[in-house]
Structure formats: structure tokens, C-alpha cells
Amino acid sequence: MANPSLLILAGDGIGPEVMTEVKKIITWFGTKRGVHFDVTEDLVGGCAYDKHGTPLHDDTMARAMQVDAVLLGAVGGPAYDNLDFSVKPERGLLRLRKEMDLFSNLRPAQCFDALADFSSLKKDIISGLDIMIVRELTSGVYFGEPRGIFPDNEGGRVGVNTQRYTTNEIRRVARSAFELAKRRGNKVCSMEKANVMESGILWREEVQWVHDHEYPEVELSHMYADNGAMQLVRWPKQFDVIVTDNLFGDILSDCAAMLTGSLGMLPSASLGAVQANGRPKALYEPVHGSAPDIAGQGKANPIACILSFAMALRYSFDMGDDAARVEKAVETVLANGARTADLMDKDGGTPISTTQMGDAILAALDASL
Ligand code: NAD
Ligand code: IPM
Ligand code: MN
């Protein structure tokens, strides 16, 4: 059988720095576990714009459609802030999500014991935390039409975006949330703003429909997203799976990330429909961005990107045991006190570099054999 194929799109800023550490782990799987991946690399974001005048070349898009999984670092940066909207780095990522139809974005927030003291919240509020945010990723206000900046009728301008969801779009992401919940704590909380938005009313009704007709055994609750933000900070352990739309999911997952200690810890999987070969279309990326404030300094925490690769092992390659092995290695190095700068508390200490963190995780992987 052919080796599983990976397309690596490291992107901009700290993207290539954290992806270097993932590449070491991919190599480790080949040499130490006999699991070989066919890896190709290409450009996305600002670096693709620099070379091709577009943040995602058509050939790269075509390649992404063919491989078993895409691994992405991060895109964007101040050098590209003033580009025309149509060629901004972020548009490359959005095109990948849309054309691969990656409608279900899994953003787990788990608190490692070693970091329980580090969160900005009290230890008992976050220790043992394990929640999964399922963010709809291909629709809503990110893609709805009409959109644009137009002249208004007072001599000024009007900026327009449209929140739009169909029955099918809501039902399919709801199904993925219920499926996940069945394998976890059996609870789904759906978040929208049905009190002010028609799309929120439809969201609530359709999630309820999927529950009643297909997953009556899973506990379902509904919450307004603003209350959800508050509850995430007040008592996050009340949640198991949260399902929400594209924009609320973007914001709530950054919030959940900080519960775990740092944005540099949070991985994600973006999944589409299961194909004939049994694998979903899939892209794996850390939740964080290109972090221009620390790019090029060797300070970035590679754990979010490494844990995203672990999610690829689990969700694309049915290698749950190896995913757990990578997660355990991360847990071990954190328990041993390894900390990148984002994980240092106010009392100081000496942070290790991106490379040192990657090497420590590799050493823990070696020790796991
Ligand atoms: P960001 O996530 O890049 O950074 C926010 C803060 O978190 C910064 O202080 C940064 O130093 C820190 N941080 C992020 N990742 C870290 C890591 N791995 N280790 C240590 N610290 C880390 O968000 P931003 O500053 O709002 O955006 C910067 C650029 O990234 C923008 O162009 C934005 O559009 C883009 N962005 C891209 C993605 C993506 O590619 N998926 C996601 C978010 C933002
Ligand atoms: C994310 C990012 C992206 C989003 C941007 C870079 C397009 O913030 O993946 O969380 O808004 O979805
Ligand atoms: Mn975001």
C-alpha cells in the first residue's frame, strides 16, 4: 500500500519555525516506528504572495485536494496588512477551507496537569479540563454574500458582511459534534444568538432536529454565545462538546485556548466529508497565528503544531495509539519543567527555545519505545 501523503504548508512568521519541529517528529516516525509519510512542501499566505502574487497558487490548491492530509503552520503578518483584500495571506487559508469543504473544525482545549498553576484562572477551575469546541468552518459571516465595502447614500461608505446558514450546513456540523460527544462525555452545548439573529434561530432549531431524530441519547443544551463566553471563564468544566458557528467559534476557541495556559498549546483539525478511501478531507493547524511579535527569535511554542500532527494521526490515519504517544511525550516534557517563553510565569525562570522544546519531545518519544 502507498505511504500516506502529507502536504506541508508552513506559511509565515512562526509557521516555519514550529513546523520544523513537526518535521522532526514525522522523520522520527519513519526511522523509529517504520511509519513513512510521503511529504511534499509548498507555500501559503504571504510567502506564496511574494512568489506568485497570490496567497494560494492553483497548483497548491490542487495538491491539497489530492493528499491524505494537509499540515499548515500559520499565515499573515504586518508586511501584508495593506494588501488588497483579495490577496491577503488569510485568503489563502480561507480558500483551502472552502474548496476542501472542511466544515467541521475541532479545537480541543485540554489542561495539562503541569500547567494547571499557569492558567490565568484558579487551579481548581481548570485542572483536568477537557473540552472540544466544534466550529463550523465553511460558511456563516466568513463567506456569506453580499459582502464588500460600498458607497452609502450619505457620501460615506458601508461595510457589509452577511451571516448565512442553511439547514444542511448546520445539520452536518451538528452531526460531527454529536458523534464526538458519543465517544467523550455524551454532552453537546450549542451556542448561537437566537435572541437577536434569525440565523441563530435556525441554528438552534436544526441542531435540536439532529438531536431529536438521530442522537436522542446525547444530552443537548443551548446557550447564547455571549453567556457561553462568560461560562467558559466561570466554570469551563461544565462543558464537554461545544458546537457553534464560524465567527463565534473563532472567538470562543481563542478564549478556551487561554484556559489551558497559552495560545501556543492549542491544536486543531479541520475535517470534511469522509471519502471513498475512508479518510476525511483534512487540514491540521495550530489555532494560533503567525505571531509577528516573536517571529524569527526562536521563542515560539511548537506544541500546538505538534499536537495538530497528533490529531492527524488520530483522525486521518487511524493511529490513535501513536497520537496518544505524542500527546504523552508533550505531557512528560511539561511535567519535567520544559517551558517556552509563553509558558513562563511572572516569577521568571529561563525559557527554552522552539528547537529545544522540539528536541525534548523527541527525547520523550524515544523513551516511550
Ligand atoms: P497570533 O496568534 O499570531 O498571536 C497572538 C499572541 O499570541 C501574540 O502575542 C503571540 O506572540 C502569541 N503566540 C501565538 N502563538 C504562539 C506560540 N506558538 N508560541 C508563543 N506565543 C504565541 O494572533 P495575532 O497577533 O492576532 O495575528 C497575527 C497574524 O496571524 C495576523 O496576520 C493574523 O491574521 C494571523 N493569524 C493567522 C492564523 C492562522 O494562520 N491560522 C490564526 C490567527 C491569526
Ligand atoms: C483562525 C484564524 C483565521 C480565522 C484567520 C487567520 C483567517 O483566526 O484560524 O482562528 O479567522 O478563522
Ligand atoms: Mn482565530
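Select Ala291 in this predicted model: the residue sits in the loop between strand S12 (280–284) and helix H10 (303–315). Helices here are DSSP runs of H or I with at least four residues, strands are runs of E with at least two, and both are numbered from the N terminus. Ala291 has a positive phi of about 40°, although it is not a glycine.

Before moving on, note the conventions: residues are numbered from 1 along each chain as its sequence is written, while chains are lettered from A and ligands numbered from 1 in the order in which they are written. Local features need pLDDT of at least 70, side-chain atom pairs count only at pLDDT 80 or more, and totals for chains, interfaces and linings use all residues, with side-chain values based on heavy atoms and with hydrogens and water left out.

**Ligand 1**

For Asp293 the side chain is the part to display, as one of its N or O atoms is 2.8 Å from an oxygen atom of ligand 1. The protein covers 69% of the 800 Å² of accessible area that ligand 1 has on its own; the areas come from the Shrake-Rupley method with a 1.4 Å probe, and for residues only the protein chains shown count as cover.

How many residues surround ligand 1? There are 21, and the closest are Val75, Glu90, Gly289, Ala291 and Asp293. By class, the shell divides into ten nonpolar, seven polar and four charged residues. In this scheme Ala, Val, Leu, Ile, Met, Phe, Trp, Tyr, Cys and Pro count as nonpolar, Asp, Glu, Lys and Arg as charged, and the others, Gly among them, as polar.

**Ligand 2**

Glu90 leads on to the next stop, for it is listed around ligand 1 and also around ligand 2. Display the side chains of Arg97, Arg135 and Asp250 in turn. An N or O atom in the side chain of Arg97 is 2.7 Å from an oxygen atom of ligand 2. A polar side-chain atom of Arg135 lies 2.8 Å from an oxygen atom of the ligand, and for the side chain of Asp250 the corresponding distance is 2.9 Å. Of the 320 Å² of accessible area that ligand 2 has on its own, the protein covers 78%.

**Ser119**

Next, select Ser119, in the loop between strand S4 (104–110) and helix H5 (123–126). Is this residue buried or exposed? Ser119 is buried, with a relative accessible area of 8%; buried means under 20%, exposed over 50%, and partly exposed in between, with a 1.4 Å probe and protein chains only. A polar atom of its side chain lies 3.0 Å from the backbone nitrogen of Leu121, and the side chain also reaches the backbone oxygen of Leu259 at 3.2 Å. Not counting residues up to four places away in sequence, Ser119 touches Ile126, Met258 and Leu259, where contact means heavy atoms within 4.5 Å.

**Cysteines**

Colour the cysteine sulfur atoms. With a disulfide taken as a pair of cysteine sulfur atoms within 2.5 Å, the count comes to zero. Cys111 is in no disulfide, and the nearest cysteine sulfur, that of Cys255, is 14 Å away. Cys111 is buried at 9% relative accessible area, whereas Cys255, at 25%, counts as partly exposed. The sulfur of Cys255 is 14 Å from the closest cysteine sulfur, in Cys189, too far for a bond.

Go to strand S6 (residues 144–151), which holds Pro146. The peptide bond from Glu145 to Pro146 is cis, with omega near 0°.

Finish at Asp318, in the loop between H10 and helix H11 (320–335). Asp318 has a positive phi of about 55° although it is not a glycine, and it is exposed, with a relative accessible area of 72%. Within helix H11, select Arg325. Not counting residues up to four places away in sequence, Arg325 touches Trp28, Arg33, Leu365, Ser368 and Leu369.

Methods:
Near = heavy atom within 4 Å. Polar contact = N/O pair within 3.5 Å; in protein donor to acceptor, adjacent residues only side chain to side chain.
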